[in-house]
Amino acid sequence: MDFQNRVGSKPGSGGVAGSSESNVDRRERLRKLAMESIDIAKDPYILKNHLGSYECKLCLTLHTNEGSYLAHTQGKKHQANLARRAARENRFAEAKGGMTVAQLASAGPSGMGEAGGVPKRVFNKIGRPGYQVIKVRDPDTKQHGFLFTIELPMIGTGVKPRHRFMGAYEQRVDVPNHRWQYLVVAAEPYETIAFKIPAKEVDKGEGKFVEFWDEETKQYAVQMLYKNVYGGR
């Protein structure tokens with residue numbers, strides 16, 4: 001990049017680069033570094049769409065070419081999402097009594113399942129559980145949301161239902177659409193079920209997101225509220 005003949009620079013010197021030029025130069029250096037050190041064919045989060053551009057399934061970002069995607073993988077947003085995902089997987093593995101991601105990496109192929117991830121649990125599925133979905137609204141804040149109630153009369157002994165939110169680009173059933181997300185609920189030996197809901201920000205504040213498991217009635221309930229578009233909550 002030619003930095004000569006810029007305002008504030010001496011003749012023959014490199015010149016003073018503006019913020020936009022510095023950002024362009026930084027992204028180009030990150031792209032070259034990534035292309036030298038990363039095998040894009042082994043990246044589980046890259047997705048080439050029908051328009052020929054690339055999407056990051058982890059961050060839900062769109063990129064015009066491979067270089068732009070690789071530069072994105074070296075950025076703060078992608079690295080932070082990778083760290084959060086690894087921490088979540090570690091917590092889930094520890095809760096299940098399995099090995100963490102770091103332990104699996106050090107164990108080698110002998111400590112991994114067929115897909116190279118957490119060892120797969122094998123059990124006989126008995127079908128989908130019964131459920132009920134009700135639209136709710138907070139009378140004070142006017143926030144809209146849902147109440148999910150799942151019936152699990154034949155849940156395994158000592159098993160507690162679990163849930164997580166899944167992005168549209170993580171699932172393989174529907175055509176990915178950024179306007180939707182999924183609430184996934186798992187409870188052995190039932191099949192895992194998912195509820196398709198609008199991809200709006202969920203309010204995780206106190207009393208706004210409630211999860212309850214009744215061991216006597218074998219009912220699992222999740223109530224969630226969306227953050228209001230205007231005025232914060």
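This dialogue walks through how to read several features of one predicted model.

User: What should I know before I start?

Analyst: This is a predicted model, where local features need pLDDT of at least 70, side-chain atom pairs count only at pLDDT 80 or more, and totals for chains, interfaces and linings use all residues. Residues are numbered from 1 along each chain as its sequence is written, and side-chain values use heavy atoms, with hydrogens and water left out.

User: How many helices and strands are in the chain?

Analyst: Helices (H or I, at least four residues) and strands (E, at least two) are DSSP runs, numbered from the N terminus. Here the chain has 4 helices and 10 strands. Starting at the N terminus, their order is α-β-β-β-α-α-α-β-β-β-β-β-β-β.

User: How do I read burial, and what part of the chain is buried?

Analyst: Buried means under 20% relative accessible area, exposed over 50%, and partly exposed in between (1.4 Å probe, protein chains only). Of the 233 residues in the chain, 30% are buried. Accessible areas come from the Shrake-Rupley method with a 1.4 Å probe; for residues, only the protein chains shown count as cover. The chain exposes about 15800 Å². Carbon and sulfur atoms supply 52% of that area.

User: How many aromatic pairs does the structure hold?

Analyst: Rings of Phe, Tyr and Trp (its six-membered ring) pair if their centres lie within 6.5 Å; planes under 30 degrees apart count as stacked, over 60 as edge-to-face and the rest as tilted. This structure has 5 such pairs. One of them joins Phe146 and Phe148, a tilted pair with 5.8 Å centre to centre and 35° between the planes. Phe146 and Phe148 are both buried.

User: Why is the pair of Phe148 and Phe195 called tilted?

Analyst: Its planes meet at 40°, so the pair is tilted; the ring centres are 4.7 Å apart. This pair links distant parts of the chain. Phe148 belongs to strand E5 (residues 144-151) and Phe195 to strand E8 (residues 193-198), 47 residues apart. Phe148 has a relative accessible area of 1%, so it is buried. Phe195 is at 9%, so it is buried too.

User: Which residues do ring pairs link into a cluster?

Analyst: The cluster holds Tyr131, Phe146, Phe148, Phe195 and Tyr226.

User: Where is His63, and is it buried or exposed?

Analyst: His63 is in strand E3 (residues 61-63). Its relative accessible area is 9%, so it is buried. A polar contact is a pair of N or O atoms within 3.5 Å; within protein, one must be able to donate a hydrogen and the other to accept it, and residues adjacent in sequence count only if both atoms are side-chain atoms. The side chains of His63 and Thr61 make one at 2.8 Å. Contact in general means heavy atoms within 4.5 Å. Apart from neighbours within four places in sequence, His63 has contacts that include Tyr54, Cys56 and His72.

User: How many residues of helix H2 are buried?

Analyst: Helix H2 (residues 66-73) is mostly covered, with 6 of its 8 residues buried. They are Gly67, Tyr69, Leu70, Ala71, His72 and Thr73. At the start of H2, Asn65 brings a side-chain oxygen to within 2.7 Å of the backbone nitrogen of Ser68.

User: Which residues does the UniProt annotation cover?

Analyst: UniProt positions are given in the numbering used here, feature names are shortened, and annotations may be inferred rather than shown by experiment. The unreviewed UniProt entry carries the annotation "domain: Matrin-type" for residues 54-84. Over residues 54-84 the chain is 55% helix and 19% strand.

User: Where is Tyr169 found?

Analyst: Tyr169 lies in the loop between strand E6 (162-167) and strand E7 (180-186). Its relative accessibility is 15%, so it counts as buried. Tyr169 and Lys57 are 112 residues apart along the chain, yet their C-alpha atoms are separated by 5.4 Å.
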